[in-house]
Amino acid sequence: MRAMRAETFSGYEALRRVELPKPAVSGGRVLVRITAAGVTPLDYTILSGQFHRSKPPLVLGNEGAGVVEAGGGTDFPVGSRVMFFGPYGAFEDGTYSEWVAARKQDLCPVPDTIDDVSAAGIPVAYLTAQVALTRAGFRAGKTVLAPAIGGSVGNAVTQLARALGAKHAISSTTNRAKAEKAKALGFKEVIDTSLEKLSDGVRRITGGYGADIVVDGIGGEVLSEALGALALEGSLTTLGYSASRKATIDVTNLIVPQASIRSLNMFVQPQVAIADAWKVIVSLLRSGAIKPIVAKTFPLAEAAEALRYLVEGRPFGRVVLAV
């Protein structure tokens, strides 16, 4: 089968097309013919040698969508359309390939209203977003801030919070063009940080109240600024570092509002948390309350270019490989 494999962890040039054996189905695995694979920041982190637990050579791809060909039993009969996330592309070969032997518990049926390209970009972003909101104690009426409206997690958190009844579902962008695009797509509470500070924008939108929940996948200065937007007893969940792994914290932003900061690692979440998140996500997908946004699709052979576009082009929406 065709696959895009990182021969070493040394940057885009290390990602090469290879021919590999079609995976065998055993030990409760399900053979999925991949139709589309999501391209994520984690893929680049691994490819650039910054994710210490992965080892080359490795087929990248943490999430994907496809069709069950064998091993699904009555739960996922042959021909079922599925999407999934798991250790793929990090600790075992992933979805930048024609087939994957996936764990049955990782699979989720794709709603009929969602095409395969859109489905491939759903698992990482929306599962991460929903688990983060649940762990932070979200309920209807809360105010949520998720920086980076054009990014996968920022957009997913904003959509989910809004659909689930948040009083305010706030996000941000660093430029006017993305702010205008967000507005055109129906995101009304987006702060343009080229015009005002993130914390000032949150206070403006909320009448000085602040954010009950912050979900930050950016890190660096964005995390530092977001801490200043927390409401009384608010919490910030950090789960990414696309801007920087290091941030300077003003401890008074935690002390004064008696706020808290926590982290999220999706690889260690219990299966029940993932299953519960999928139930919420699929229901909202079926109703149309949330809708994945795809910025651009690349063929599998152009996986390196797709990653470069994601990292350096900073598009509004997901980047997906058509397999």
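# Terms and values in a predicted model

Q: What makes strand E5 (residues 63–70) largely enclosed by the rest of the structure?
A: Six of the eight residues of strand E5 are buried, so the strand is largely enclosed by the rest of the structure. Buried means under 20% relative accessible area, whereas exposed means over 50% and partly exposed lies in between, with a 1.4 Å probe and protein chains only. Helices and strands here are DSSP runs, numbered from the N terminus, of at least four residues (H or I) for a helix and at least two (E) for a strand. This is a predicted model, in which local features need pLDDT of at least 70 and side-chain atom pairs count only at pLDDT 80 or more, while totals for chains, interfaces and linings use all residues. Residues are numbered from 1 along each chain as its sequence is written, and side-chain values use heavy atoms, with hydrogens and water left out.

Q: How do you know that E5 pairs with strand E3 (residues 29–39) and with strand E6 (residues 81–85)?
A: Two strands pair if DSSP finds at least two bridges between them. Six antiparallel bridges join E3 to E5, and Arg33 stands opposite Val67 in E5. Five bridges, again antiparallel, join E5 to E6, where Glu63 stands opposite Phe85.

Q: Why is Arg318 called buried?
A: Arg318, found in strand E16 (residues 318–322), has a relative accessibility of 6%, and it therefore counts as buried. Leaving aside neighbours within four places in sequence, Arg318 is in contact (heavy atoms within 4.5 Å) with residues including Glu63, Gly121, Ile122 and Lys296.

Q: Why is helix H3 described as roughly perpendicular to helix H9?
A: Helix H3 (residues 123–135) and helix H9 (residues 271–287) pack at an angle of about 105°, with their axes 9 Å apart. That makes H3 roughly perpendicular to H9, because angles of 65 to 115 degrees carry that name, while those under 35 count as roughly parallel, those over 145 as roughly antiparallel and the rest as oblique. The axes are lines fitted to C-alpha atoms, for helices over the stretch in contact, and angles run from 0 to 180 degrees between N-to-C directions.

Q: How do you know that Ile274 is buried or exposed, and which residues does it touch?
A: Ile274, which lies in helix H9, has a relative accessible area of 9% and is therefore buried. Not counting residues up to four places away in sequence, Ile274 touches Leu127, Val131, Met266 and Gln269. The C-alpha atoms of Ile274 and Val131 are separated by 7.3 Å, although the two residues are 143 apart along the chain.

Q: Why do strands E11 (190–192) and E14 (260–263) stand at the edges?
A: Six strands form an open sheet with parallel pairing, in the order E11-E10-E9-E12-E13-E14. Strands E11 and E14 each have a single partner strand, so one side of each is left without a neighbour in the sheet. Neighbouring strands of this sheet are turned by 20° against each other on average, direction ignored.

Q: Why is Gln258 called exposed?
A: Gln258 has a relative accessibility of 52% and therefore counts as exposed. Gln258 lies in the loop between helix H8 (252–255) and E14, and its phi is near 55°, a positive value in a residue other than glycine. Most residues other than glycine have a negative phi, and most peptide bonds are trans.

Q: Which peptide bond is cis, with omega near -5°?
A: The bond from Pro56 to Pro57 is cis, and Pro57 lies in the loop between helix H1 (41–47) and E4.
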